[in-house]
Amino acid sequence: MATRILGRVIISTVINSLKPIHLIEVKHQAVCAANFKYTVVRNYAKTKDRGKDKRSKGKVEINTQVISELVPVDKLKERCNAAIEKMKDDFTKNLSLRSTTGSIESLIVKFEGKDYELQELAQIVRKNPKTIVINFASFPQTIPDALKAINASGLNLNPQQDGTTLYVPVPKVTKEHREALAKNAKALYIRCRDAVKEVQNDYIKKVKRQTGVSEDLVFNVTKQITAMCDEFQTTAKNIYEVKHNELVGK
C-alpha cells in the first residue's frame, strides 16, 4: 500500500512539472502529447565556396603542351585563324556601304572549274558615281558565271546586261541597303563559325582515335580543344558585331 501511494505521488509530481499537454483522442483512447520545441539545422555551403566551385567547373585552363601530346596545336590554330581571316577579307571586299570598283574587280568567278578574279575576265570602269561598266568583249562566254558571282557576292548589286557589257547601278545607302549588307555579314560570320566548329570536331575525333592513351588525358585534351576553339569563335563574333554596328549605323 505504501509503495502504491509513493508511486502516485512521484507520477503526479513528474506530470505537473511538464509543460501543458494536449489530449488527442484516437479510437476512444486518450493519448498524451507533450509540446516539445525543436529546431532543424541544415548546413549550406558558403556563397563564396559555391561560386568558387562553379568557376572551377566552368573555366578550362588551356595548356598547349598537354594538347600537343595528342594533336598538332599549331595546325589547329592555323586553320581557325584562316577561317577568321577569310571572314575579315570577305567583309572588306563585299560589305562596303559604297560599292567600289576595287571590290568588284577582286570578285571571284568560277569558270570551267577554275577561279578567276573578275578583272581577269573583263574590263571594269566606273562610268560615273552611280554606274559601273563591265565589258566582257574578250571573254563573253564567262558572262553567266560572272552574273552568278555578282548576285551571290553580298554587294547588293543588280547588274543589267546589254550584249557583252554589264551595267551595274551603285545602290544608294538606304536603310534597306544597310540591312541587306548586315544580313550578308551575319551569313559570312556563320560560315566562319561553322568552319571553326568543323576544325574542333576534326581534332576531337583525332584525339579519340588515339590508342594507348589514358582516358583522363583524352578527356582533358578534348575539353581544352573545345575551350580553345570557343575563344576563336568569340574573336569571330566580336569582329562580326563591330562590322554589323558599322553597317546598320550604330
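These legends walk through several close-up views of one predicted model.

Before you start: this is a predicted model, where local features need pLDDT of at least 70, side-chain atom pairs count only at pLDDT 80 or more, and totals for chains, interfaces and linings use all residues. Residues are numbered from 1 along each chain as its sequence is written, and side-chain values use heavy atoms, with hydrogens and water left out.

**View 1**
Helices (H or I, at least four residues) and strands (E, at least two) are DSSP runs, numbered from the N terminus. Out of 250 residues, 30% count as buried; buried means under 20% relative accessible area, exposed over 50%, and partly exposed in between (1.4 Å probe, protein chains only). The chain's accessible surface is about 17600 Å², and carbon and sulfur atoms own 52% of that. Those areas come from the Shrake-Rupley method with a 1.4 Å probe, and for residues only the protein chains shown count as cover. Looking at contacts in the chain with a separation of 6 or more, 64% are between residues 24 or more positions apart. A contact here means heavy atoms within 4.5 Å.

**View 1. An open sheet has four strands in the order β5-β6-β8-β7, with antiparallel pairing.**
At the edges you'll find β5 (123–128) and β7, each with a single partner strand, so one side of each has no neighbour in the sheet. On average, neighbouring strands are turned by 25 degrees against each other, direction ignored. Helix α7 (residues 143–151) packs on this sheet and touches β6, β7 and β8, its direction making about 15 degrees with that of β8. For such angles, axes are lines fitted to C-alpha atoms, for helices over the stretch in contact, and the angles run from 0 to 180 degrees between N-to-C directions.

**View 2. Strand β8 (residues 165–169) pairs antiparallel with β6 (residues 131–135) through five bridges.**
Two strands pair if DSSP finds at least two bridges between them. Look for I132 of the pairing, which sits opposite V168 in β8. I134 has its bridge partner in β8 too, namely L166. β8 also pairs with strand β7 (residues 160–162), again in the antiparallel sense, over three bridges. Here Q160 has Y167 of β8 as its bridge partner. β7 and β8 make a hairpin with two residues between them, and G163 in the turn has a positive phi of about 70 degrees.

**View 3. Strands β3 (residues 108–111) and β4 (residues 114–117) run antiparallel, joined by four bridges.**
K110 has D115 in β4 as its bridge partner. The hairpin has two residues between the strands, and E112 takes a positive phi near 50 degrees. E112 lies in the loop between β3 and β4, and counts as exposed at 69% relative accessibility. Its C-alpha atom is 9.4 Å from that of D145, although E112 and D145 are 33 residues apart along the chain.

**View 4. S106 sits in the loop between α5 (101–105) and β3.**
Is S106 buried or exposed? With 15% relative accessibility, S106 counts as buried. Setting aside neighbours within four places in sequence, S106 is in contact with K93 and E117.

The 22 residues of α4 reach 32 Å from first C-alpha to last, close to the 32 Å expected at 1.5 Å a residue; the expected span is 1.5 Å times one less than the number of residues. Buried along α4 are V73, L76, C80, A83, I84, M87, D90, F91 and N94. As background, an α-helix has 3.6 residues a turn, so residues three or four places apart point the same way. The buried residues of α4 pack against α3 (64–67), α8 (175–208) and α9 (215–248). Turned away from the buried side is a face with the exposed residues D74, K75, E78 and T92.

**View 5. Q233 belongs to helix α9.**
Q233 is buried, with a relative accessible area of 16%. Which residues does Q233 contact, leaving aside its neighbours within four places in sequence? Q233 is in contact with R193, V196, K197 and Q200.
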